[in-house]
Amino acid sequence: MQAVIMAGGFGTRLRPITCSLPKPMAPVANKPVLHHIINLLKKHGFSELTMMLYYQTEIITDYFEDGKNFGISIKYIRPESDLGTAGSVRFASQNIKDTFLVISGDVLTDFDLKKAVDFHKIKKALATMVLTRVSNPLQFGVVITAKDGKIERFLEKPSWGEVFSDTINTGIYILEPEVFDYVPKDISFDFSKDLFPMLLKENKTLYGYIADGYWKDIGNHDEYRFVHYDILDGKVKIDISGKKIKVAQKEIVVGKNVSLGKNIKVEGQVILGDNVSIADNTFLSRSVIGDNVKIGQGSEVLGSVLWTGVTVGQESRIKENVIGTSTRIGDRAVVQVGTIVSDECVVGDDAVVRTNLRIWPHKVIGAGAILSSSLVWGEKWNKALFNAHGISGLGNIEITPEFAAKIGSAYGAYIGEGSYIIVSRDEHPAALMIERGIISGLLSAGIEVGDLRGLPIPVARYEIGNEGEAGGIYIRQSPTDGRSIDIKFFNNKGADISISQEKAIEQLFFREDFKRANMNSIGKITVPARALDYYKTGYLDAINEEVIKKSKYKIVIDYAHSSSSIIFPSILGDLDVNVISLNAFISSSKITKSYEEFTSSLRQLSDVVVTLTANAGFLIDSGSEKVFLVDEKGTIVRDAAAMIAVSYLVMKINRGKNIAIAVPVNATSIVDDLAKQFGVKVKRTATSSRNIMTYEKDSEVVLICDSMGGFIFPEFQNAFDAMYAIGKIMEMMSQENLSLSSISKEIPYFEVLHKTVPCSWDKKGKTMRRALEEVKDKKHELIDGVKVYVNNGWVLFVPDSDEALFHIWAEAKDKTTTLGLLEVYSEKIKEWQI
């Protein structure tokens, strides 16, 4: 049988240990991971191999040659450009005569590949994806199959709300040569992004085979180390060279010519390569030690992987590290948990290398030195840099100036030298400090920076695109946690950047090898002078000024000490609105509000509206993105009701027109009932701000809501904007001669209830798969999480993207039924985790 091995990976996420070799040649249990793949293929009858190369090809070809020493035949092909996964295999089509298998050269697996091929042939498939189940499917392509194995749906690199299963694409495919008819020649074309969606759309025989056994992508430093623990624990069946001997009553595997001293202590499994020398009184635990390694007397090597030729001095301590080829660790040196030391480095005597550092090749750490990063990254940064709000962390503890400069450098490297970026912030001193750090990093990457300083978020977003900006960054104190800083990233249209963009920036951040500009290309700072003018002019052009002016509105606005107070009064003045302003001055100490302070502000706003007989009251949040309503009678309009009220106004004004509004999938079904009444469409969005904003691209959509005080009117800009929302609400009320209280009377009572259920990260994918199995025969939607329609109502469950829990929303005809649905499905989520 024939197989194609994809062995062109750069190994960027594994740097610095892959600086001098391609990722498929990274040693696993003292052999390149590609060696294990070839052994597996040979075991299951694959004797004709084509290897796709791209990076440092000679290292691979010198090791495997023509394959005769491995009992197989290997041909090598190197495309001149990046053709994508499917395009690269198409490039090798001249070597393919019959059913063939495609496999990555940088994963470790012991799947029975012959069983997978048999499944493929029984199903008479054009293409079969080999699948497996994992505890955290977020970084992989999620796949849903029917009972017969036919693929129904898959999604590449999903968000947590899109993780509909823990069944993932392993990147192993069994294909018929006819598949080349669907792959264009000599252009970039991927299996998961291009080919398989096409086959699914055309209803071709695309199947998924769920394989038993072990599979792991060694894509990052932690996974690389963990795969060795799995080998030591016997979780994967691979060929390990050496013989078993007993040392200190423990059985370990040793290679040839191993020298072992006296009083060696061993815990857990250990693998030693050839020509290893272990001195007296050493302590070894759960480690893999390569060929020609020397470990000095009294040293400890715990949970670590040491590559060929490493030397460890006397009384040194290495814990949970990866140490690259020919690196020398001095006497009494300490390398702390999670650190990667690359090839040919020197760690001097008595030196201490701190936690989670990355040391690039040929570095020298002097004797007695204490090497620590200006940022000591905790697990927070190792798990994920971005969350639902951008990047968030404790101010001056996790989000420091040093961290900010590095973020600026990574973002600048992603955007590209010579680009122009807008940077702005709120008025908190910590935001100013972090802004300057980010600007320094951007300048170092050759980025031109427009410093807008302290402005409302909607104004900063609106500025982007006016003068060729490639994107933007906004820094603020968290509105909900006064200890934390949020860093938000915008694309070239002012919307939040996509998940794929976040992952690209995150990858650059952790690789730490982002490109710096030379001295003559360092970026410059300008201060855009017209941002406020652009915003005000655009606002007044988009709004119906005459309608608002005729109504002679009197409103109360609580500016909440936000920077909207520097521009919005001028706009309202031009609209002839009589405004009573509360907290209309900027205060850096009052940006964050507790829930109690927020509700107190709403009550105060209500009192003022009633006392002064105003037409309405509006509370603007500190970022000027969200707005909260009080009607003319002083009734506080809850967030979901405000969403329905504004939607009602839009529907009434656009009755019978070919327009749509977009609301989140967890919003009440009352909005659908109203839409039918007015003959407009309702489109459902995911619950996250980023996904909500994507609906501005839909030309039918004239309003986008988030049911938490956020309103987007694409006629003005594709972002939440409290100031424009206030103007638009006044305009529509004036057009229809309605007040907020009269609108509320037109809206039926509704109640969507919400609760959370704990769920560990490693059970989320499994829980989503079980949820989908549960609802498969019921009416359901997979917009964000799983929404099922039951008992004349609905239940939605969505895994949280930042915490170990599930959100559940439910709505039914009465509160008792709704509570019952919440309880039933809360218990189901607990059961699905078992």
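The structure is a predicted model, in which local features need pLDDT of at least 70 and side-chain atom pairs count only at pLDDT 80 or more, while totals for chains, interfaces and linings use all residues. Residues are numbered from 1 along each chain as its sequence is written, and side-chain values use heavy atoms, with hydrogens and water left out. Helices (H or I, at least four residues) and strands (E, at least two) are DSSP runs, numbered from the N terminus.

**Aromatic rings**

- Rings of Phe, Tyr and Trp (its six-membered ring) pair if their centres lie within 6.5 Å, and planes under 30 degrees apart count as stacked, over 60 as edge-to-face and the rest as tilted; a search of the whole structure finds 28 aromatic pairs.
- One of these pairs joins Phe100 and Phe180, which are stacked with 5.6 Å centre to centre and 20° between the planes.
- Because Phe100 lies in strand E6 (residues 100-104) and Phe180 in the loop between strand E11 (167-175) and helix H5 (191-201), their pair ties together parts that are 80 residues apart in sequence.
- Both Phe100 and Phe180 are buried, a word that means under 20% relative accessible area, with exposed meaning over 50% and partly exposed in between (1.4 Å probe, protein chains only).
- The pair of Phe226 and Tyr229 is tilted, because the ring centres are 6.0 Å apart and the planes stand at 40°.
- Helix H6 (residues 221-232) holds both Phe226 and Tyr229, 3 residues apart, about one turn of the helix; Phe226 is partly exposed at 33% relative accessibility, whereas Tyr229 is buried at 11%.
- One aromatic cluster is formed by Tyr462, Tyr535, Tyr539, Phe568, Phe713, Phe716 and Tyr724.

**Charges over rings**

- A charge sits over a ring if NZ of Lys or CZ of Arg is within 6 Å of the ring centre and within 35 degrees of the ring normal.
- Lys626 lies over the face of Phe720, at 5.5 Å from the ring centre, and Lys779 is placed over the face of Tyr789, at 4.5 Å from the ring centre.

**Strand E45 and its sheet**

- Strand E45 (residues 660-664) is largely enclosed by the rest of the structure, because 5 of its 5 residues are buried.
- In a regular strand the side chains alternate between the two faces of the sheet.
- In E45 both faces are covered, with Ala660, Ala662 and Pro664 buried on one side and Ile661 and Val663 buried on the other.
- Two strands pair if DSSP finds at least two bridges between them; E45 runs parallel to strand E46 (residues 681-685), to which 5 bridges join it, and pairs in the parallel sense with strand E47 (residues 701-705) over 3 bridges.
- Ile661 stands opposite Val682 in E46 and opposite Leu703 in E47, while the bridge partner of Val663 in E46 is Arg684.
- An open sheet of 4 strands has the order E46-E45-E47-E48, with mixed pairing.
- E46 and strand E48 (711-712) stand at the edges of this sheet, each with a single partner strand, so one side of each is left without a neighbour in the sheet.

**Right-handed crossovers**

- A crossover is right-handed if, with the strands pointing away from the viewer, the path from the first strand over the helix to the second runs clockwise; E45, helix H17 (residues 670-678) and E46 make a right-handed β-α-β unit.
- Strand E4 (residues 48-52) pairs in the parallel sense with strand E5 (residues 73-77) over 5 bridges, and Met51 stands opposite Tyr76 in E5.
- From E4 the chain crosses through helix H2 (residues 57-64) to E5, and this β-α-β crossover is right-handed.

**Positive phi angles**

- Most residues other than glycine have a negative phi, and most peptide bonds are trans.
- Asn292, with a positive phi near 60°, is placed in the loop between strand E19 (283-289) and strand E20 (294-295) and is partly exposed, with a relative accessible area of 38%.
- Asn583, with a positive phi near 50°, lies in the loop between strand E41 (578-582) and helix H15 (595-611) and is partly exposed, with a relative accessible area of 25%.
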